[in-house]
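This report looks at a single chain and at the side it turns towards a neighbouring chain. Please have the sequence and the model open while you read.

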Amino acid sequence: MDTLFTLATLAAAVRLAIPVAVAALGELVTERAGVLNLGLEGTMLFGALAGYLATLASGTPWLGLGGGLAAGAACGAVIALLVVVIRADQIVTGLAFTLFAVSATTYLFEQSYTIGQAPPRIPSLSMGPLVAIVLVVLAGVWFVLARTTAGLVLGATGEAPEAVDALGYRVPRVRTLATVAGSALAGLAGAMLVCGPLGLFVQNVTAGRGWVALALVVFARWRPGRAVAGALLFGLCDAAQLRLQGTATEIPYEVFLALPYVVTLLALVVRARRSGTPAALAVPFVRGGT
Amino acid sequence: MIAAALHGIRRSFGSAPALDGVDLELRAGEVHALLGENGAGKTTLMRILAGLDRPDEGTVEVAGQPIGEFSPRALRERGVAMVQQHFTLVPTLTAGENLALARPPGRLRPGARQAKRRVAELAERYGLPVRADVPVERLSVGEEQRLEILRALDADARLLILDEPTAVLVDSEAEALLRTCRALADDGRAVVIITHRLAEVFAGCDRVTVLRRGAVVCAGEPVADHDRASLATLMVGTAPTASSGRQRVPGAQVRLRLDGAARGRLQPLDLAVHAGEVLGVAGVDGNGQAELEELLAGIAAPERGAVTVDGEPVPVAAPRERVAGGIAYVPADRYRRALAGPLTVADNLELGRGPRHRPPAARRQARAEPVLAEWDVRGGGPAVPAASLSGGNAQKLVLARELAGGPRLVVAAQPTRGLDPEAARMISERILAAAADGAAVVWFGAELDELFAVADRLVVLAGGRATEPFTPPYDRGAVGLAMAGGHAS
Amino acid sequence: MTMTRDPATVPAPDGVLGRVLRGPDSRAASVAVPVGAVLAALVVGGVLMAVEGVAPLSAYGEVVLGVFGRTRGLIDTAVMATPLILLGLGVAVAYRARVFTIGAEGQYIAGALAGTAWATVGPPLPGLLLLVSGLAVAVLTGAAWSGVAAWMLARFGASVVITSLLLNYVAAAALAWAVRVGIRDPGSFTPQSRPLGAAALPDIPGTGVHLGFLVALLAVPALAAVLRRTRFGFRVEVLGAHPEVLAATEARPARTRLAVLALAGAFAGLAGFVEVAGVTERMTPAFATGYGFTAIIVALLGRLRPVGVLVAALLLAGLTVGFDEAERVFIIPSTTVGVIQALIVVFFVAGDALSRRPGRRRR
């Protein structure tokens, strides 16, 4: 245990937390407007691929990030078209989009290089700029949601759309914009994953981080700061788990694999208790399940 | 000065006209009462004026200018604001944030201090205190309503419509609200109060318009020219009272008994309904009928007291036991509680009854055929979705199911509402036949004529309390007065 | 002033879900949309192959031959379809009741894990008894795993979408631990469980297909019968149509939801153990392959009907098997079949939403 939280582990925790944090912030924006975007994982994948290809083409990872942002926004437009405009079911659409993205990005990726050769690596950004981007995104999301009229309308749309509608705002437009903006951040998150220390795209590179981000939004109770804190917690668990894999300890590393999700499940229980639902027996039971 | 004028307004929902050529003139500087029973068309008329609905025919002028586009924003820009019964505030935002949402001061939203100051200023100017530092969901209903009014005034509403504003208020708050309305009128605004309570018409209004079944029966006459009795008569009509002509069997056993049963708005109620008797329950929505309906049907348990049928408590949240216990339930909202729209007509006949193992669909439908024929349910037979039936046929379907097997208690909430006369007549007859076969019937009604025709006794619910039962021959004026809260004074 | 509510405008019980599935407007649309989605995806796939320089029709011909032209193709299709059918049936029941679980993957893992643990490190039982009891343990575990989400909904109002998703990860972690430590085969260098041995499923006599396929085939009419001919099936329909009507006339919605989720979990647990006992023979970290998510597509494409699930599962499995074969003949990227399957879903979702738009005003 004493060697668990070394500097290297902490650095790894931050590295692992970065894409999750940005994706969670994006999903948070979307969900605040009342859209549950289960296509987050798929959007991250498209963003990652776009980031990889744009970096490869331009030679600079900064343009890769731009590519991820743009690809994410495009994904958001498609999802918003399906969910907001033609009102397809949000859950089904999101799932379908993610499944589509897994196949489509793999397909497109394989088209991008000659089979038989190793796919080229790309120049990557160091941790400094990536952390800075997370902080900028966090500050931006917080500022828009907490300090601007646009954020007020966005939040109200997720809370009481009929009231917002009665005031003359257009709920579908607000939701479409929120979905596009949130997805753009998810695309950026994907690009940050491949344009960061990884410097490479591989099949299904996001490996479920989008789903983690989705859970983190619930864990964070839709607050930007807590989402980033949650991402750090996740990164810490992930780093601990990676570190423990090689060593024999009393604590199985799988506990850290499960921990972020169990904590989120607990958070759901605690949240409900606060809102007044009787819940006295809940926490011990779930704790027992860990 | 004319604040607004509506001419020849017609509006219908489905086949039923809600407004049938209504004229109305509102003047600046007055508090105008819009009076009528449930379903008279008051709210529909005012929603049109507020741009929340559009007329099928007719014109609306605000301050002399005709209205072309009916949208809340267009009408708000013309100075019309409506405070609806269901508030349209965002519950998670504070008062100041709700004001900023309606009228953003700029790209940035106001800081907490600034927002609070704006609320405080408005509150002081109009004498409507509202806490500014907590989310709206933690405000009292009175505060929420004051905030709704403040929001309208913040947008400089010249014509303010309040829909049943006192329904949610305690007496002292209601009085304060009426004083506020008076002050706003003195300020040169026009105020419309939609109400069914006579007391507040006399307490704070200048002129009164009465609607009955979508038509004006009293057009903007000074309140001073009227008394309670005359307005109550205008509301409920003057047609001769039809008598049910039914005679309660003396000495019949008590089937339904309420012993101090109370829940929510419904104050403790003692009641006994006998086998073969039809008890009418009259009253305006929101005075406890919904709670009573839910108690009798076992949707919810009484908070105090007991509800028993033949001495056994009504099973709560156990619908199949309710059915097995012979309690028939015809809910006011049939598509919310009685019929599953996407399922077939035959399946809907099976709700709450039927064996664990179901026969094949073909046989189920074959079994439904004679029932549908007996009840004259038309519209495509047993295999079509129930949602495709017309209102009358859908209601016949509900009754065909609920009255099967000789119920001991029939809870019928507005069983004929919105139906064509033929279907309404049939449904009345069948419910009365169930009573003749020994059921106790509780009939919640919105239309007095119908209740007078079917009920052996009649109670009025007002403010959650039941009046002493009325008996035939019914005194229309007295019942109307009781519905309008007349007993309180 | 309340008008009788149009059933089509009654708000969905889970507001956050937006519009939820309701029964198809017509029988024609219920078949036309999935068929159209499949055809459209095949056309797009053909275009992709044409761009690659492969003649689409001959490639598709090879795909068909890959399935029907040889015994192996049919066997592989049946084996691959087996878990998809079972998982898809469970998802279909839940979605019929409009209980949107995405936890099939976790229940599949949990069921397989518990069944394997029982059969490999549990009490020593004779072969058949071991198999049957292992199946029972898997079914119960899957049901319980799913029941946690139902319980959290009933007790705390926590969305099943989120809780069932989170439980997938907990199950995945449990799998990782179990094969590494908990039920590890001590004789193995890599983390994996002991083989099931006597609890393995035999083949259907005369075929190369394990008995699990027969179980899945039998489950289709069995579930269809439950849905059509029992009170529970009826309640599933009513719950899906309108929870409040269920509450006022039949049963408490929370209880029916619990039963629905438990049944979905039971099917997933069964699928998990059948896969171990019939195919992999032991648990490895690679056991979780995402079948639980594919099952959602299977259920949707199958229009949430048991027979539809069967057809959709066979179709998706057949496409995969057929393309595997076609790749030997043509130079087709191995991911083409994935793209086509994914396009089927996307087209289906869009087509389904569009087909529901007109004619929704019913009275």
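Which pattern does chain C follow when it is read along the sequence? In this predicted model, chain C follows the pattern α-α-α-α-α-α-α-α-α-α-α-α-α, and the count for the chain is accordingly given as 13 helices and 0 strands.

The overall form of chain C can be described next. Its C-alpha trace spans about 75 × 55 × 35 Å along the principal axes. The radius of gyration of chain C is 21 Å, close to the 21 Å that the globule rule gives for 363 residues, so chain C is as compact as a globular protein of that length. Of the 363 residues in chain C, 57% are buried, and among the contacts in chain C with a separation of 6 or more, 79% are between residues 24 or more positions apart.

Chain C also meets chain A, with 44 residues of chain C in contact with 37 residues of chain A. Four helices of chain C, namely α5 (127-156), α6 (160-182), α11 (291-301) and α13 (336-356), each supply at least two residues of the side that touches chain A, and the largest share of that side, 13 residues, comes from α13(C). The table sorts the residues on the side of chain C that touches chain A by class.

| Class, side of chain C touching chain A | Number |
|---|---|
| nonpolar | 33 residues |
| polar | 7 residues |

Definitions and conventions:
Residues numbered from 1 in each chain as written. Chains lettered and ligands numbered in written order. Predicted model: local features only at pLDDT ≥ 70, side-chain atom pairs only at ≥ 80, totals over all residues. Contact = placed C-beta atoms within 7 Å. Nonpolar A, V, L, I, M, F, W, Y, C, P; charged D, E, K, R; others polar. Rg over C-alpha atoms; globule rule 2.2 N^0.38 Å. Buried ≥ 20, exposed ≤ 12 C-beta atoms within 10 Å, placed from the backbone.
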